[in-house]
Amino acid sequence: MTVHTTIDSPLGELLLVGEMSATATGGTALVSLSVPGQKGGAVVQDGWSEDADAFTEIVSQLRSYFDGKLTRFDIECVEGGTAFQRRVWQALESIPYGTTVSYGDIARQIGAPRTAVRSVGTAIGRNPLLVVRPCHRVIGATGALTGYAGGLERKERLLVHEGARQTA
């Protein structure tokens, strides 16, 4: 069964979508975490159930992250995407809190050729788990903020929060 809820955060409203899971702490595996207007973000569908209680553990971890007390999430997520996307997303999960890497770094990490940087960027852009799977930690080779489905302002806010970037 697909469940959803919304929460307020320093990034604005977050839409959480999950599936009931016998193995997930709290009983819900996260399918998507998105913001309103996000390119490719989730939209509540007919048949989904609003159930804030199903997300108690996930919301607790998000609040701890935004309060500066949590640097790595321990949330069961529903796997999706292509094999290439999953390789890229797994690489995202290895980027330490408070650091940044380039798209080229991710391509090298997964063993993709230099010419695959654009494909890596596309896979990162399709990450359905903003914040939890830290695609905001990937920046351009020059250090410039580039591409973030949730908007560059939110990307910068997350990097400042983590101490990886100074306030503008």
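# Aromatic rings and a listed cysteine

Q: In this predicted model, does Tyr-65 count as buried or exposed?
A: The relative accessibility of Tyr-65 is 1%. Buried means under 20%, so Tyr-65 counts as buried.

Q: What kind of aromatic pair do Tyr-65 and Tyr-97 form?
A: The ring centres of Tyr-65 and Tyr-97 are 6.2 Å apart, with 85° between the planes. Planes over 60 degrees apart count as edge-to-face. The pair of Tyr-65 and Tyr-97 is therefore edge-to-face.

Q: How many residues apart are Tyr-65 and Tyr-97?
A: Tyr-65 lies in helix α1 (residues 56–66), and Tyr-97 in the loop between α2 (83–93) and β5 (101–102). The pair links distant parts of the chain, and the separation is 32 residues.

Q: How many aromatic pairs are there, and what is the angle between the planes of Tyr-65 and Phe-73?
A: The count comes to three aromatic pairs. Tyr-65 and Phe-73 form a tilted pair, 5.3 Å centre to centre, and the angle between their planes is 40°.

Q: Which residues do ring pairs link into a cluster?
A: Phe-73 counts as buried at 16% relative accessibility, whereas Tyr-97 is partly exposed at 23%. Both belong to the cluster, whose members are Tyr-65, Phe-66, Phe-73 and Tyr-97.

Q: Where is Cys-135, and which residues does Cys-135 touch beyond four places away in sequence?
A: An unreviewed UniProt entry lists Cys-135 under "active site". Cys-135 is in the loop between α4 (117–125) and β6 (138–139), and counts as buried at 5% relative accessibility. Not counting residues up to four places away in sequence, Cys-135 touches Leu-92, Ile-124, Asn-127, Leu-130, Tyr-148 and Lys-155.

Conventions:
Residues numbered from 1 in each chain as written. Predicted model: local features only at pLDDT ≥ 70, side-chain atom pairs only at ≥ 80, totals over all residues. Heavy atoms only, no water. UniProt positions renumbered as here; feature names shortened; annotations may be inferred. Helix = DSSP H or I, 4+ residues; strand = E, 2+ residues; numbered from the N terminus. Buried < 20%, exposed > 50% of the residue type's maximum accessible area, 1.4 Å probe, protein only. Contact = heavy atoms within 4.5 Å. Phe/Tyr/Trp six-rings, centres within 6.5 Å; stacked < 30°, edge-to-face > 60°.
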